[in-house]
Amino acid sequence: GYAQVEKTVKKEDLDIDRTPNNSLYFHLANAACTAAAAPHGYNAETVSFSFTLLNNAHVDDRLTANAREMLQLQSIRVFDFKITDQKGTLICNGTFTMNQTCVAI
């Protein structure tokens with residue numbers, strides 16, 4: 001699966017030092033990875049994740065998270081993601097490992 005999620009950085013997303021809170025990046029990446037799993041009819045629960053912060057975003061930056069499924073092992077799926085700003089600058093990247101359960105339709 002593949003998905004893309006976008007978000008504009010707001011003042012509420014910043015820590016006291018005026019840099020974005022790491023939870024902003026986590027939630028944006030998690031949303032993209034979960035959306036990438038959705039077309040397969042699965043609910044996704046994060047088992048583990050890792051990310052590398054390369055640059056900081058700023059207020060009013062438009063962030064885009066792209067997630068791509070890289071591996072499937074029974075109910076475990078691994079997604080790679082990257083988050084870029086409106087200029088294409090790589091902000092962070094990493095992986096999410098998710099446990100997936102089938103959704104009753």
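# Close-up views of a predicted model

**View 1. Phe96 in strand β5.** F96 lies in strand β5, which covers residues 90-102. The model shown here and in the other views is predicted. F96 counts as buried because its relative accessible area is 1%. A3 stands 93 residues away from F96 along the chain, and the C-alpha atoms of the two residues are separated by 13 Å.

**View 2. Thr95 in strand β5.** T95 is placed in strand β5. A relative accessible area of 27% makes T95 partly exposed. T95 and V78 are 17 residues apart along the chain, with 6.9 Å between their C-alpha atoms.

**View 3. The salt bridge between R62 and E6.** The structure holds three salt bridges, and one of them is formed by R62 and E6. The closest N and O atoms of R62 and E6 are 3.1 Å apart. This pair links distant parts of the chain, since R62 is in strand β3 and E6 is in strand β1, 56 residues apart. R62 is partly exposed, with a relative accessible area of 34%. E6 is also partly exposed, at 40% relative accessibility. Side chains of opposite charge can pair when their charged atoms come close.

**View 4. The salt bridge between K7 and D13.** K7 forms a salt bridge with D13, and 3.2 Å separates the closest N and O atoms.

**View 5. The salt bridge between E69 and R77.** The side chains of E69 and R77 meet in a salt bridge, with a distance of 2.6 Å from N to O. E69 has a relative accessible area of 17% and is therefore buried. R77 is buried too, with a relative accessibility of 4%.

**View 6. Asn66 and its contact with Tyr2.** N66 is found in strand β3. With a relative accessible area of 13%, N66 is buried. The side chain of N66 is joined to the side chain of Y2 by a polar contact of 2.5 Å.

View 7. M70, L71 and L73 make a nonpolar surface patch of about 290 Å². M70 belongs to strand β3, which runs over residues 62-73. M70 counts as partly exposed because its relative accessibility is 47%.

**View 8. Helix α1: its length and its start.** Helix α1 has 16 residues, which at 1.5 Å a residue should span 22 Å. At the start of α1, a side-chain oxygen of N21 comes to within 2.7 Å of the backbone nitrogen of S23.

**View 9. Helix α1: its buried residues.** The buried residues of α1 are L24, Y25, L28, A29, N30, A32, C33, A36 and A37. An α-helix has 3.6 residues a turn, so residues three or four places apart point the same way.

**View 10. Arg18, with a positive phi.** R18 is in the loop between β1 (2-8) and α1 (22-37). Phi of R18 is positive, at about 70°, although R18 is not a glycine. R18 is exposed, with a relative accessible area of 71%.

**View 11. Asp60, with a positive phi.** D60 sits in the loop between β2 (42-53) and β3. D60 is a residue other than glycine, and its phi has a positive value near 75°. D60 counts as exposed because its relative accessibility is 59%.

**View 12. Confidence along the model.** The protein has an average pLDDT of 88, and 92% of the residues score at least 70. Confidence is lowest in β2, with a mean of 83, and highest in β1, with a mean of 96. Where pLDDT is low, the predicted coordinates should not be read in detail.

Methods. Residues numbered from 1 in each chain as written. Predicted model: local features only at pLDDT ≥ 70, side-chain atom pairs only at ≥ 80, totals over all residues. Heavy atoms only, no water. Patch = residues over 30% accessible without salt bridge, like charges linked within 9 Å, V, L, I, M, F, W, Y side chains within 5 Å. Areas by Shrake-Rupley, 256 points an atom, 1.4 Å probe, with all protein chains shown as cover. Salt bridge = Lys/Arg side-chain N within 4 Å of Asp/Glu carboxyl O. Helix = DSSP H or I, 4+ residues; strand = E, 2+ residues; numbered from the N terminus. Buried < 20%, exposed > 50% of the residue type's maximum accessible area, 1.4 Å probe, protein only. Expected span 1.5 Å × (residues − 1). Polar contact = N/O pair within 3.5 Å; in protein donor to acceptor, adjacent residues only side chain to side chain. pLDDT = per-residue confidence, 0-100.
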